[in-house]
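Here is a friendly tour of one protein model, written to be read with the structure open beside you.

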Amino acid sequence: MRRTIFLAVPALLLVLTPAASAQDLPALPQSAEVTLKVQRDGSLSVTEAVSVPEGTSMTRRIPLRAPADDDQDRLLTVRDLSIEGAGSSETSADAVTLDLRGGTSIVQYTVDGAVGAGRGVERVTWDLAGGWDTRLELVRATFAAPNVPDALTCVAGPPETVTPCGAAQIDHSGLTRVSVSNLAAGQRVELTAELPGGTVPVTERLVPSKTVAGAISASAPVRWAWGAFVVLLLAALAMVAFLRRRDAAPAAPMPVDLLAGGRFSSPDGVLPGHVGPLLTGRADAVDLAATVLDLCVRNYIWVSEDGPRDWTLVRRNPPDEQLGRFERAVYEAVLPGESVTVSSLRSTALPSFRAGLLADVVRRRWLSRRAPRLSRAGARLCLYGVFLTVLLTFTVGYAQLGLVVIACGAALALGARLLPARTTSGLLLRRRLLGLRARLAAPEPARLTAADRELLFSRALPYALALGEADQWAAAFAAPGRSPQAYWYGTAAEGPAAVAATSGFAAALVAAFATAHHGVRGIRPDAPRDPAPA
């Protein structure tokens with residue numbers, strides 16, 4: 001009932017509390033009269049009238065950093081400090097020190113950061129008389145605020161005490177009054193008033209306490225950082241899911257014209273060796289064999305029969321600017337001398353071919369090496385996060401910010417492995433390769449002239465081998481009357497037998513390279529698969 005009356009006439013409080021502005025003077029030597037008033041902007045105005053016996057001095061230290069809980073400290077700011085009487089003050093980053101001499105001194109100052117948030121209330125906490133180096137005979141204080149407090153808590157005694165003050169109550173005018181006698185040096189009188197929510201703005205500033213537990217506590221900046229991390233992680237997962245879905249979506253083959261203007265042309269200048277990395281993400285024996293076969297077709301290597309089961313490869317033209325780096329490496333590895341038999345190709349270095357081929361595909365921007373780059377960046381970010389965590393733990397706190405960095409690095413390193421290797425250009429080229437595969441699976445040599453049949457059979461054979469259509473391609477050209485003679489292949493056979501011999505040579509190349517490197521897949525899959533990250 002009393003509180004209802006006070007709330008109905010809040011403006012009356014400003015009239016009924018002139019004592020808070022007309023400061024009472026101490027009635028006893030070595031005592032203090034303190035007036036507290038919460039302003040509407042959330043600041044706390046403090047006036048202290050202190051009586052110091054003549055010929056002596058009293059010193060008070062007001063800490064500007066006080067424990068709020070086990071993990072956080074409350075930072076306070078004192079401004080507009082003035083002293084009327086014999087005394088001086090000193091302000092540092094951690095405390096304000098008052099040095100008062102004989103007589104009565106009136107100290108006035110404003111405190112920012114004393115209003116904290118509670119559950120539906122606002123708590124104003126202030127130590128009325130802590131930090132004095134001399135015993136106080138009597139401490140009296142008044143507290144005023146725009147609204148009457150819902151509850152009061154007042155403790156007096158040593159810093160860790162929870163002993164209630166001798167007298168702390170709200171009088172009929174709504175003014176809070178506190179009285180404590182015989183306060184020993186170094187003891188405190190801490191008053192906490194709970195105001196209705198929304199009375200004044202919250203001004204409390206909390207920082208991690210200078211302990212390991214405080215350093216790793218979840219303060220507001222840390223919570224914001226974790227929230228930002230979750231948002232970024234969800235966005236990254238959505239992007240990865242989109243890219244993987246786009247990469248794995250069935251691709252419609254694009255029509256391909258094998259002969260344009262009487263010349264054979266491959267889609268976007270793709271080479272037979274590129275097929276494996278583009279469709280499966282790997283370079284294996286099929287791609288190496290297709291590359292060697294392509295060098296034969298392009299007149300860099302001559303092929304002659306040594307019998308029904310062996311062939312000899314002979315250097316026909318030296319490598320020139322028309323060959324790419326990986327093709328030149330294949331030429332030198334397969335033919336270190338002037339000639340070599342297919343049966344002796346077991347020493348060919350497939351790993352170096354694979355590395356050069358993948359590098360060439362990446363250089364052409366059909367595949368991307370973003371996955372390993374991002375993985376390395378994520379690993380470095382984790383290391384930076386560990387260093388930052390240790391640094392923050394033993395300096396300013398907020399150590400969980402370092403954990404956020406570690407989490408970002410781990411997410412980057414792991415998520416990079418989920419990124420598809422094919423680029424947008426690689427996806428488009430995949431469709432063209434599927435169109436080429438469909439065209440090679442159903443050739444129509446009967447519609448071609450004899451010269452075009454010979455050109456097309458040889459030039460497309462390496463691609464048919466790389467795409468798994470070599471048998472169908474050769475069978476289509478093996479019909480009597482339309483069997484071409486390969487210009488790069490020396491054989492006594494003619495007609496369908498010559499085509500069969502050429503096809504047998506291509507199969508022998510695959511078998512030789514696959515046998516030389518155990519565990520290497522030597523058969524092109526029937527349908528293209530998603531490439532692994534390059």
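The lining of the largest pocket draws at least two residues from each of strand 2 (44-63), strand 3 (65-67), strand 9, strand 11 and strand 14. This is a predicted model, in which local features need pLDDT of at least 70 and side-chain atom pairs count only at pLDDT 80 or more, while totals for chains, interfaces and linings use all residues. Residues are numbered from 1 along each chain as its sequence is written, and side-chain values use heavy atoms, with hydrogens and water left out. Helices (H or I, at least four residues) and strands (E, at least two) are DSSP runs, numbered from the N terminus.

**Pocket and cavities**

- The largest pocket has a volume of about 850 Å³. A pocket here is an open set of points on a 1 Å grid over the protein atoms alone, with protein on both sides within 12 Å along at least five of seven lines, whereas a cavity is a set of points where a 1.4 Å probe fits but cannot get out.
- Grid points are joined across faces, edges and corners, and a volume is the space filled by probe spheres set on the points.
- In total, 28 residues line the largest pocket, and Ala66, Pro67, Asp127, Arg188 and Glu190 are the ones nearest its centre. Lining residues have an atom within 4 Å of a point.
- Searching the whole structure gives 2 cavities of 30 Å³ or more, and the largest cavity holds about 40 Å³ of space.
- Around the largest cavity you will find Leu258, Arg439, Pro443, Glu444, Pro445, Leu448, Leu456, Trp473 and Phe477.

- An open sheet is built from 4 strands in the order 8-9-14-11, with antiparallel pairing. Two strands pair if DSSP finds at least two bridges between them.
- Strand 8 (115-117) and strand 11 (151-157) are at the edges with a single partner strand each, so one side of each has no neighbour in the sheet.
- On average, neighbouring strands of this sheet are turned by 20 degrees against each other, direction ignored. The axes behind this angle are lines fitted to C-alpha atoms, for helices over the stretch in contact, and angles run from 0 to 180 degrees between N-to-C directions.
- Strand 14 (residues 188-196) pairs with strand 11 in the antiparallel sense over 7 bridges; Ala156 stands opposite Val189, and Val155 has Glu190 as its bridge partner.
- Strand 9 also pairs with strand 14 in the antiparallel sense, over 7 bridges, and here Arg123 has Glu194 as its bridge partner.
- Strand 14 is mostly covered, with 7 of its 9 residues buried. Buried means under 20% relative accessible area, exposed over 50%, and partly exposed in between (1.4 Å probe, protein chains only).

**Salt bridges**

- There are 19 salt bridges in the structure, each a side-chain nitrogen of Lys or Arg within 4 Å of a carboxyl oxygen of Asp or Glu.
- Arg188 is buried at 14% relative accessible area, while Glu190 is partly exposed at 25%.
- Glu332 and Arg315 form a salt bridge of 3.2 Å, N to O. This pair links distant parts of the chain, with Glu332 in helix 7 and Arg315 in strand 19 (residues 310-315), 17 residues apart.
- Asp80 and Arg79 are joined by a salt bridge of 3.0 Å, N to O; Asp80 is exposed at 55% relative accessible area, and Arg79 is partly exposed at 31%.
- A network of salt bridges links Asp294, Arg298, Glu327 and Arg459.

**Aromatic pairs**

- The whole structure contains 10 aromatic pairs. Rings of Phe, Tyr and Trp (its six-membered ring) pair if their centres lie within 6.5 Å; planes under 30 degrees apart count as stacked, over 60 as edge-to-face and the rest as tilted.
- Tyr109 and Trp126 make a tilted pair, 6.3 Å centre to centre with 55 degrees between the planes. Tyr109 is in strand 7 (residues 95-112) and Trp126 in strand 9 (residues 121-127), so the pair ties together parts 17 residues apart in sequence.
- Both Tyr109 and Trp126 are buried.
- Phe326 and Phe353 form a tilted pair too, at 6.2 Å centre to centre and 50 degrees between the planes. Phe326 belongs to helix 7 (residues 325-334) and Phe353 to helix 8 (residues 350-363), 27 residues apart.
- One aromatic cluster is formed by Trp311, Trp488, Tyr489 and Phe505.
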